[in-house]
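Reader: I am new to this structure and should like to be guided through it. May we begin once it is displayed?

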Amino acid sequence: LILGLSYRLIPVENALYNMEWNGVDERYDLERKRDKLVDQLEEAKLLWCSIDKRTGVVAGYIEHYLPYQDVINFKQLVKTKVNQMVEMKELQEKIGEAERQLRAVKLLEE
């Protein structure tokens with residue numbers, strides 16, 4: 001969630017800072033979109049902190065009730081899943097950017 005919001009915020013901020021807007025209304029819309037994404041990003045960070053705390057509680061139960069090797073396996077599984085999710089999001093963003101560039105090239109060819 002945090003990555004997704006961050007990736008969505010980047011082009012909006014770039015458009016605002018590079019003055020890639022036409023007219024006051026478009027700039028206002030970009031500023032509203034940026035503000036909304038920033039608010040959502042802050043909420044996502046708070047949510048992440050809450051989830052992290054609960055994860056610590058669950059990890060404590062796991063460490064208490066399961067054998068040491070199972071705890072190691074669980075921690076590795078969680079780490080792998082998080083890394084896979086981050087990598088998948090990055091790839092989705094790269095694919096989206098490549099598709100946007102392809103559309104722009106096709107428009108230029110016409």
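Reader: How many residues does H2 have, and what distance does H2 reach from its first C-alpha to its last?

Author: The model is a predicted one. H2 has 43 residues, for which 63 Å would be expected at 1.5 Å a residue. The distance from the first C-alpha of H2 to its last is close to that, at 62 Å.

Reader: What span should H1 have at 1.5 Å a residue, and how far apart are its end C-alpha atoms?

Author: H1 has 16 residues, so at 1.5 Å a residue it should span 22 Å. The end C-alpha atoms of H1 agree with this, being apart by 22 Å.

Reader: Which helices do the buried residues of H2 pack against?

Author: Buried here means under 20% relative accessible area. In H2 this applies to Leu-30, Leu-37, Leu-41, Ala-44, Ala-59 and Ile-62. These buried residues of H2 pack against H1 and H3.

Reader: Which helices do the buried residues of H1 pack against?

Author: The buried residues in H1 are Gly-4, Leu-5, Leu-9, Val-12, Ala-15 and Leu-16. An α-helix has 3.6 residues a turn, so residues three or four places apart point the same way. The partners of the buried residues of H1 are H2 and H3.

Reader: Which residue just after H1 takes a positive phi?

Author: The phi in question is about 55 degrees. The residue that takes this value, just after H1, is Met-19.

Reader: What is the radius of gyration of the protein, against that of a compact globule of 110 residues?

Author: The C-alpha trace spans about 65 × 30 × 15 Å along its principal axes. Buried residues make up 13% of the 110 residues. A compact globule of 110 residues would have a radius of gyration near 13 Å, whereas the protein has 20 Å.

Reader: Which helix supplies the largest share of the lining of the largest pocket?

Author: The largest pocket has a volume of about 340 Å³. Of the 14 residues that line it, the closest to its centre are Leu-1, Ile-2, Leu-3, Trp-48 and Met-85. Helices H1, H2 and H3 each supply at least two residues of the lining. The largest share, 6 residues, comes from H3.

Reader: How many residues of the lining of the largest pocket are nonpolar?

Author: By class, the lining includes 2 polar residues and 1 charged residue. The number of nonpolar residues in the lining is 11.

Methods
Residues numbered from 1 in each chain as written. Predicted model: local features only at pLDDT ≥ 70, side-chain atom pairs only at ≥ 80, totals over all residues. Heavy atoms only, no water. 1 Å grid on protein atoms, 1.4 Å probe; cavity = no way out; pocket = protein on both sides within 12 Å on 5 of 7 lines; lining within 4 Å. Points joined across faces, edges and corners; volume = space filled by probe spheres on them. Helix = DSSP H or I, 4+ residues; strand = E, 2+ residues; numbered from the N terminus. Nonpolar A, V, L, I, M, F, W, Y, C, P; charged D, E, K, R; others polar. Expected span 1.5 Å × (residues − 1). Buried < 20%, exposed > 50% of the residue type's maximum accessible area, 1.4 Å probe, protein only. Contact = heavy atoms within 4.5 Å. Rg over C-alpha atoms; globule rule 2.2 N^0.38 Å.
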